[in-house]
Each structure stands twice: as C-alpha cells, then as structure tokens.
Amino acid sequence: MNYHQIVELVGENENLFTYQCQAVTKETLNLPGPDYMDRIYLASARSSQTLRSLQAIYKSGRLSGTGYLSILPVDQGIEHSAGASFGRNRIYFDPENIIRLAIEGGCNAVAATVGNLAIIGRKYAHRIPLIAKINHNELLSCPNKYDQLMYASVKNAWNTGAVAIGATIYFGSKNSGQQLIAVSNAFEQAHDLGMATILWCYLRNENFVQDDVDYQASADLTGQANYLGVSLQADIIEQKLPENNGGYEALNKYGNSFGKYAQEMYTELCTPHPIDLCRYQVLNCYSGRIGLINSGGSSNGTEDLKAVLRTAVINKRAGGAGIIAGRKAFQRPLNEGIELLNAIQDVYLEKQIEIA
C-alpha cells in the first residue's frame, strides 16, 4: 500500500498523519533506524551470541535493516483455546502453516509455542528466526484464572532452533510476583545461551476497571509495566496500544492507596492524543533503547485492516519499533493474511509516515 491508500483507509479524523508531539519530543528518544543494532545494543552487556540472535531478527523479512519489526505470534491455541482460535481457519491446527504464513508474509520472525517449534522447527529454523513462547495461561481451570505457567525450559526452547524466547507477565495479577521471578530467571538463562528475549507486558486485575473504564489499557499503567519489563533485561517489549490514561488517579480516587504517581505524568509527559499515549509507553522502554512493539489485537472481521494499520501508524509515529499481529492474520484465508501482514509492513517502509 502507498501513502495515500494508507491515509484513505485509516482516515484523518484523529490527525494521526500530521500531528507533532510537544510533550515528549522525538529528539529525546532513541529511535529505530538501520543502525539500531550498532547504536543501541552494542553498548549493552549482551553477549556476542545474543547480539547475533537479535541481528537475525532485525535482518529478516521485508523490514530487514530498517530497525522495525513485523512479528507473527501464534500461541493462541493455548492462550485462547485451539478450537476458538483456529475454528475460522482450520489449517492452523497444523503448526507448519503458521510458519508458512510468517515466511510468505515477509515477517521478521514467528513466535509460537515450544510444542509447535519442536514438531516442525528443524525444517524452517534456517529460513526465518523462530521465537519460542515458554509460558502461557491455561483455560481449563474453572473458574478461569490469570496466571502464566512455564510450559518448557529455556534449554528445551533452545533445542528447537529458536533464536529467542518469549514470555508473558500479567502485572497486577495474584501471581505476578512468581511470574516476575520465573521470567527473570528464564531471561538470564536465555542470554547465557545467546538467545534474545521478548516480554509481553500485560495488565490483569479486575480492580483496574474503575467507573466502567478499563485502565488495563491506560498509558500510565502500561507504561510502568514496560519499565518493569526492560528492568528484567527484555530485548523487545510487547504491549497493547494504550486506549486511555489516568489509571493511577482512578485507582486512588476513592481513598485507596495504589502505586506512586505525579501530576507531571499527565501534564508534562503526555496528552490525550493517541500518539502521545503510545509515546509514553516508548519513553518507559528506556526512551526507546528497548524496542516497543504493539499488539495487533483480536480479529473483528471487515475492520481488521483499518484497525491494525491505525495501530501501526500510531506506533511508528510515536517512536515504536513495530507490530506483532496474529489473529488478524491467521483468522482469515492464507492469501488475505499475507496481504494484511504486507500492509502493516508498508506503513514502516513508507517514508512519508515520519516520527511525530
């Protein structure tokens, strides 16, 4: 897709294409670019082997060498149940088709379960970087609970040929402390083996919904989750696009004591504009030293392409590093999934869409 097609599809009602950030300017950030690996990661304590694994991800697919990422994640067979996830497109019960979609869709990497990669990864490990997701929620407990359990060891993930591991922490959930410790240990082991690390920094707590507003998607709370994630030495942070702000204020509204916040977070570091909300997430990723990729979200049918392109435009203009989109791609015919992934990548290849 070219610039005019993207603008026409996304629309200009939110001023997404010409808005310029004033709260946190782009000059204060470490922005993606062709030299991102040398400019950012070489100063870190990461080993040569880990840098090589990161380079493999950044140098693959249609976005190779741009500093941006397009990743296909398919762990929903566990996270959302296989029947519900693949019922629309049953070919993805077979893990080989997941990897085929990522390759033919021009992705930098594919993230899948250790079981998926163990059964088919040897055939494809040399063709596309593999990311082994090592922990998952499970939906067979009744009532359902929000917990992330380790499904495999880091060594097992390494044996599949994966160049990176992925993990989720449900910050705010009952067992988030144990998840944090488990993931921290796993990331240390992964780096020792020369693997890269990706952290899904999600919020899960019913108390984060106040006055019918879901602050699990607020910029201030997701931003702090990101800061915890980079503190665990995640090499890439995955986060949902923020939809609102003021989570700390809302949770302290009725005499409760939750967290710490300052008014400057809302008056000096952010505005209600969608690009500023996302920029606050980037700011909390060590000012962009750790790349922020936003999730593509669930599939809603005919509006999927417009929605995911909107997310990509916001992420790119905010200073983010890319999109990780799964359900919008694999819950449709293969050729349509490829077209959607390519359209996302076109946003990051389009020079007229600049950092705000």
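In helix 13, the buried residues are Pro-274, Ile-275, Asp-276, Leu-277, Cys-278, Arg-279, Tyr-280, Gln-281 and Val-282. Buried here means under 20% relative accessible area, with a 1.4 Å probe and protein chains only. Helices are DSSP runs of H or I with at least four residues, strands are runs of E with at least two, and both are numbered from the N terminus. Helix 13 spans residues 274–283, and nine of its 10 residues are buried.

Before I continue, please note that this is a predicted model, in which local features need pLDDT of at least 70, side-chain atom pairs count only at pLDDT 80 or more, and totals for chains, interfaces and linings use all residues. Residues are numbered from 1 along each chain as its sequence is written, and side-chain values use heavy atoms, with hydrogens and water left out.

What covers helix 13? Its buried residues are covered by elements including helix 10 (219–231), strand 10 (236–239), helix 12 (264–267), strand 11 (291–295) and helix 14 (304–318).

Is Ala-318 buried or exposed? Ala-318 is buried, and its relative accessible area is 0%. Contact means heavy atoms within 4.5 Å. Setting aside neighbours within four places in sequence, Ala-318 is in contact with Leu-29, Ile-275, Cys-278, Arg-279 and Val-282. From C-alpha to C-alpha, Ala-318 lies 9.9 Å from Leu-292, and the two are 26 residues apart in sequence.

I turn now to the nonpolar core. Such a core is a set of buried Ala, Val, Leu, Ile, Met, Phe, Trp, Tyr and Cys residues joined through side-chain atoms within 4.5 Å. In soluble globular proteins, nonpolar side chains tend to be buried together. The largest core in this protein has 115 residues, and those touching the most other members are Phe-17, Tyr-41, Ile-71, Leu-72, Ile-165, Leu-199 and Ile-237. Apart from residues up to four places away in sequence, Phe-17 touches Tyr-3, Ile-6, Val-7, Val-10, Gly-11, Val-313, Arg-317 and Ile-353.

Finally, the whole protein. Its secondary structure comes to 16 helices and 12 strands. The radius of gyration is 19 Å, close to the 21 Å that the globule rule gives for 356 residues, so the protein is as compact as a globular protein of that length. That radius is taken over C-alpha atoms, and the rule is 2.2 Å times the number of residues to the power 0.38. Of the 356 residues, 57% are buried.

How values were computed: Buried means under 20% relative accessible area, exposed over 50%, partly exposed in between (1.4 Å probe, protein chains only).
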